[in-house]
Amino acid sequence: MGRIGVDLYPLRTGVPLAEADTFGKFLGGSAANVAVAAARLGRRTALISRTGADPFGAYLRSELRAFGVDDRWVEEVPALPTPLTFCEVFPPDRFPLYFYRHPKAPDLEITAASLDRAALRAARVLWTTGTGLSAEPSRTATLAALEARARTGPTVFDLDWRPALWQEDPAEHYARALRLATVAVGNTEECEVATGASEPHAAAKALLAAGADLAVVKRGPEGVLAVHRDGTTAEAAPLKVDVVNGLGAGDAFGGALCHGLLAGWDLPRILRYANAAGALVASRLACSAAMPHPDEVEEALSWPR
């Protein structure tokens, strides 16, 4: 549940937008990408979101269906344009994003009244995002979706901190979501915004104290840490790849995390698998179109360390 939009990425890396002359058009947005990533791994997925009533919105819904994502809860908002996101691609670690979500993104127009609560309760995993809390009515809808789950089954809150999309301090809203979620996922910067702690172990402890049962702290080139309320701790080292575009790696990780939770794997296996999925996408230009298939992830897991 959350953000969807069109990604427009320069087809040449290392070129600023002012000089770029050719672009690739892709389905984007963190929630949409996570849904695609899980679908690529064989899971039945659906997205709750909104687009504009325009050609870009039609493109996004068509792409979701092509990727195997159920789009029945992706509705049109006639008064608002479908968002665009441009990226500058400067490997290995600089990928500035430029969001065009004015006057307001349609995905922030999801209402609590429109939610299919029976479907939310029946889903084996629900994935929500911090951006969904950045404005009303999406904020109330996101919290209502979390409440509908009543902490039954994996209920994920992706901290998904995008400062350009907020007009206020998110800490209070993040705290409300964390009390309703069973799984919290974020990088160290996002954890600091949500909890005040950025050191990975301290951040995981803070997320658990805030309400989550499982805290997953992504550490970029240093790998990932996960801590469960029952005391189980796991860490996974990163896979070494030649980075092309790091933006979709976290979403690939998220889809693989959902896949591992559904499979009932132990925490170390989930982290290794999700790390491998993220690394593969970081080595590719696109986000949604770059999400790996199971055989690709399994092959990456066999690479020498």
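**Salt bridges, a buried threonine and a helix pair**

In this predicted model, 14 salt bridges are counted, a salt bridge being a side-chain nitrogen of Lys or Arg within 4 Å of a carboxyl oxygen of Asp or Glu. Residues are numbered from 1 along each chain as its sequence is written. Local features need pLDDT of at least 70, side-chain atom pairs count only at pLDDT 80 or more, totals for chains, interfaces and linings use all residues, and side-chain values use heavy atoms, with hydrogens and water left out.

One of the salt bridges joins Arg-3 to Asp-160, with the closest N and O atoms 2.9 Å apart. This pair links distant parts of the chain, 157 residues apart. Both Arg-3 and Asp-160 are buried (buried, under 20% relative accessible area; exposed, over 50%; partly exposed, in between; 1.4 Å probe, protein chains only). Arg-101 and Asp-107 form another salt bridge, at 2.8 Å between the closest N and O atoms. Arg-101 is buried because its relative accessible area is 9%, and Asp-107 is buried because the value is 3%. Arg-151, Asp-213 and Arg-229 are linked in a network of salt bridges.

Thr-51 is likewise buried, because its relative accessibility is 0%. Among the residues that Thr-51 touches are Ile-4, Leu-60, Arg-61 and Val-77 (contact, heavy atoms within 4.5 Å).

Helix 9 (residues 267-282) and helix 10 (residues 294-301) have axes that come within 9 Å and cross at roughly 105°, where axes are lines fitted to C-alpha atoms over the stretch in contact and angles run from 0 to 180 degrees between N-to-C directions. Helices are DSSP runs (H or I, at least four residues), numbered from the N terminus.

Definitions and conventions
Helices (H or I, at least four residues) and strands (E, at least two) are DSSP runs, numbered from the N terminus. Lists of a residue's contacts leave out its neighbours within four places in sequence.
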